[in-house]
Amino acid sequence: ALEEAGKAVNLASDSADVQLIFGRAHWLARNFNDAENAALKVDELDPSNLHAAELLLRIYFDRKDDAKFREVLDRTRNPNRGIQDLAVQFAIRRGEFRRAYELRSSFDREKLESETFRAQLALKREPGRTDLYPQLVKNLIRLGRFDEAIKTRNQYRGSIPLDLEMGHAYW
């Protein structure tokens, strides 16, 4: 794959896609310096390319180059799922478990807000829907809305235990 990618680079050296493929081929072959050079070239050609940022982050993660990893992560706006996963893995590797949890929650925030709102509306229409409470309590806790989670848990009369979630809310 590396040989074929090298031929493509010779034909189209100013193509971000070709450079990205070349960089990934080097990364897979564990040639981190060549992979970094190709990813930096893509970043130079298209600074908003999330695939280039992801490749750089993977390289820096594998090389354990924390400073460069943080630099690329900090300047990446609207990270894709791969970048989000790497950010969480990076925090876990550094022993920053709370930070990893906060990152995961922040990346999922829009989805969580939507699910929470829909569940709350459904419970206002049909208060007896005990099936909605466990996930609603979990979502409220992930959103950092602890008082609301405690209040919602107190209204729940179902059989699914929520002790662990409540521990998070009181913590």
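I took buried to mean under 20% relative accessible area, exposed over 50%, and partly exposed in between, with a 1.4 Å probe and protein chains only. By that cut-off Phe90 is buried, at a relative accessible area of 4%.

I noted the ground rules. The model is predicted, so local features need pLDDT of at least 70 and side-chain atom pairs count only at pLDDT 80 or more, while totals for chains, interfaces and linings use all residues. Residues are numbered from 1 along each chain as its sequence is written, and side-chain values use heavy atoms, with hydrogens and water left out.

**Cores**

I looked for nonpolar cores, meaning sets of buried Ala, Val, Leu, Ile, Met, Phe, Trp, Tyr and Cys residues joined through side-chain atoms within 4.5 Å. The largest has 26 residues, and Leu57, Ile59 and Phe69 have the most contacts inside it. Two or more residues each come from helix 2 (16-28), helix 3 (32-45), helix 4 (50-63), helix 5 (66-75), helix 6 (81-93) and helix 7 (97-107). Helix 4 gives the largest share, eight residues. Helices here are DSSP runs (H or I, at least four residues), numbered from the N terminus.

I then listed the contacts of Leu57 (heavy atoms within 4.5 Å). Leaving out residues up to four places away in sequence, Leu57 touches Phe69, Val72, Leu73, Ile83 and Leu86.

**Rings**

How many aromatic pairs does a search of the whole structure find? It finds three. I counted rings of Phe, Tyr and Trp (its six-membered ring) as paired if their centres lie within 6.5 Å; planes under 30 degrees apart are stacked, over 60 edge-to-face, and the rest tilted.

Phe69 and Phe90 are stacked, at 4.2 Å centre to centre with 20 degrees between the planes. Phe69 is in helix 5 and Phe90 in helix 6, so this pair ties together parts 21 residues apart in sequence. Phe69 is buried, with a relative accessible area of 1%.

Tyr133 and Tyr156 have ring centres 5.6 Å apart and planes at 35 degrees, so I logged this pair as tilted. Tyr133 lies in helix 9 (residues 133-142) and Tyr156 in the loop between helix 10 (146-155) and helix 11 (163-170), so the pair ties together parts 23 residues apart in sequence. Tyr133 is buried at 7%, and Tyr156 is buried at 4%.

I also found that Phe61, Phe69 and Phe90 form one aromatic cluster. Arg93 lies over the face of Phe61, 4.2 Å from the ring centre; the test was NZ of Lys or CZ of Arg within 6 Å of the ring centre and within 35 degrees of the ring normal.
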